[in-house]
Amino acid sequence: MSSNPCSLTLGIAGFGTVGSGLVRILTENREEILSRTGRDIRVKSILVRDATRQRACPLPDGARLTTRMDDLIEDADIDVVVELMGGVDLPAKLVERALNAGKHVVTANKALLAETGNRLFALAAEKNLHLAYEASVCGGIPIIQTLREGLAANRLQSLVGILNGTSNYILSEMSTKGLAFDQALKQAQELGYAEADPTLDIEGFDAAHKLALLIRLAWGVEYPYAQLPVRGISQVQPADIVYAREFGYRIKLLGHARLIGDSLKNGGIEAGVRPTLVHETLLLARVGGAYNAVRVEGDAIGSVFLHGRGAGDMPTGSAVAADVLAIARNSRPNNTGFVRPALPGPAKIVPPLEAHSHFYIRLTVTDVPGVLRDVAAIMAENGISIAQVIQKDRVSGAPTLAYGDQKGPSVPFIVMTHEASAAGVHKALETLAGSAMLHESPVCYPVLAKRS
Ligand code: NAP
Ligand code: HSE
């Protein structure tokens with residue numbers, strides 16, 4: 001413990017994008033923080049891999065860089081260990097050691113908490129210490145505090161959101177500036193939004209980590225991260241972005257979770273991460289760049305929409321600092337948001353094929369008489385009602401393909417369905433893919449329609 005009760009001493013692990021943001025905020029807003037908490041928050045040690053590297057911001061007064069984890073854990077002056085390194089194994093070791101040494105922990109690491117959270121939360125509860133993680137979901141947006149405290153009196157029904165800044169940045173740049181996927185990803189990396197391994201961002205795993213944390217906070221159940229159905233944006237084609245716009249939609253990477261049935265006892269959780277067409281009139285469709293947003297529905301509150309910067313040094317540093325300030329105010333730990341039981345039991349998982357949604361389907365078909373009739377027949381056989389279609393003009397140079405004894409150029413044929421079962425759509429696409437009608441694998445995304 002700090003020898004001076006008016007001060008709170010931090011050991012920070014990581015001085016990269018988020019670590020630098022935190023240090024800047026603690027330094028530049030020192031007076032505001034002092035007046036809000038009455039505590040002088042000081043940084044004593046910062047753990048890095050390479051202590052000789054030039055840093056993005058100056059070290060705070062009295063702080064030093066170290067490459068030894070022990071300098072944080074074994075220093076009795078350090079009250080709070082702030083983990084901002086990334087990865088899972090080493091941070092898990094650091095957090096476990098810090099809690100065992102009686103230190104509060106703040107982290108921005110969603111992978112760590114999605115994969116090993118239960119064990120670490122159990123340890124924090126046993127020691128009555130904070131294991132705070134506001135920055136781990138949606139950067140600067142106070143979604144953790146909102147679910148844990150602001151909406152704590154509600155029975156929550158659903159949450160849906162843009163949970164990954166990098167993916168949203170890439171889709172926005174592709175959609176509004178016509179940038180190529182790789183170029184947009186490179187920019188997101190340069191701006192400090194992407195994970196050290198950007199596959200986590202573009203394949204949807206980072207959003208899935210965050211979704212697992214949100215489900216735990218919303219319903220007090222454990223939906224194992226590895227069982228979440230996840231599809232990222234790496235296969236989203238510019239053509240689909242354009243066709244989606246023609247129907248009045250934007251493609252967004254959404255994380256969603258919904259209570260099916262009237263209670264956890266009688267129902268289950270349907271959840272996942274996937275590119276989704278969002279109707280342009282919905283607020284979620286207008287969330288651009290590295291911004292994130294979450295819409296939460298509760299029985300008492302109705303709908304709440306939170307929007308803000310989802311990644312980057314200062315927004316994320318702001319959320320980390322908020323957790324530090326809560327500790328400085330001597331608030332009681334409320335890590336999981338639940339007391340009885342404090343730790344989640346397993347969620348009843350609703351299989352993804354049991355879900356219902358509107359769907360966008362793009363087929364590449366041979367433009368000859370009878371194709372539309374045959375596509376429609378397969379849809380009808382599987383209980384799918386078609387809401388809208390677009391058949392694009394023949395493009396010069398498109399390959400000529402056979403369908404039965406007829407030949408014609410291949411053309412894109414796009415279908416928007418009314419609400420349909422995912423199982424029916426899956427079956428229809430399987431049948432279409434196995435027929436002579438299609439010349440490329442079908443593309444299918446769920447749709448968040450105007451009134452859903
Ligand atoms: P980063 O820029 O790559 O910084 C990582 C820092 O950790 C670096 O200072 C690095 O030291 C240090 N580090 C990494 N491995 C280490 C090791 N084995 N031993 C000692 N130090 C080590 O990462 P970041 O973007 O700040 O992200 C940090 C965490 O915040 C991650 O969990 C990430 O998911 C999460 N997060 C990031 C954002 C964002 O917008 N970037 C937003 C929310 C949450 P060196 O500098 O010497 O290499
Ligand atoms: N890589 C993450 C993102 C950082 O792009 O959303 C914020 O968690």
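How far is an oxygen atom of ligand 2 from an N or O atom in the side chain of Asn164? The distance is 3.4 Å. The legends below place this contact in its surroundings.

This is a predicted model, in which local features need pLDDT of at least 70, side-chain atom pairs count only at pLDDT 80 or more, and totals for chains, interfaces and linings use all residues. Residues are numbered from 1 along each chain as its sequence is written, chains are lettered from A and ligands numbered from 1 in the order in which they are written, and side-chain values use heavy atoms, with hydrogens and water left out.

**View 1. The shell around ligand 2.** Ligand 2 is surrounded by residues including Lys110, Tyr193, Glu195, Asp201 and Gly310 (near: a heavy atom within 4 Å). A side-chain N or O atom of Thr166 lies 2.6 Å from an oxygen atom of ligand 2. For a polar side-chain atom of Lys210, the distance to a ligand 2 oxygen is 2.8 Å. The protein covers 94% of the 260 Å² of accessible area that ligand 2 has on its own (Shrake-Rupley method, 1.4 Å probe). Helices α7 (165-177) and α10 (205-219) each give two or more residues to this shell (helix: a DSSP run of H or I, at least four residues; strand: E, at least two). The shell divides into three nonpolar, four polar and five charged residues; Gly counts as polar and Tyr as nonpolar.

**View 2. Backbone contacts to ligand 1.** Of the 24 residues around ligand 1, Phe15, Val18, Arg55, Glu195 and Gly312 come nearest. A backbone N or O atom of Phe15 sits 2.8 Å from an oxygen atom of ligand 1. For Arg49, the backbone distance to a ligand oxygen is 3.0 Å. A polar backbone atom of Asp50 is 2.9 Å from an oxygen atom of ligand 1. The protein covers 85% of the 890 Å² of accessible area that ligand 1 has on its own. Ten nonpolar, eight polar and six charged residues form the shell.

View 3. Six strands pair in parallel, in the order β3-β2-β1-β4-β5-β6 (pairing: at least two DSSP bridges). At the edges, β3 (64-66) and β6 (131-132) each pair on one side only. Seven bridges join β1 (residues 7-13) to β2 (residues 40-47). Ser7 stands opposite Asp40 in β2. Helix α12 (residues 313-328) lies across β1, β2, β4 (80-83), β5 (104-107) and β6 (contact: heavy atoms within 4.5 Å). Helix α12 runs at about 160 degrees to β5 (axes fitted to C-alpha atoms, for helices over the stretch in contact; angles from 0 to 180 degrees between N-to-C directions).

How values were computed: A polar contact is a pair of N or O atoms within 3.5 Å; within protein, one must be able to donate a hydrogen and the other to accept it, and residues adjacent in sequence count only if both atoms are side-chain atoms.
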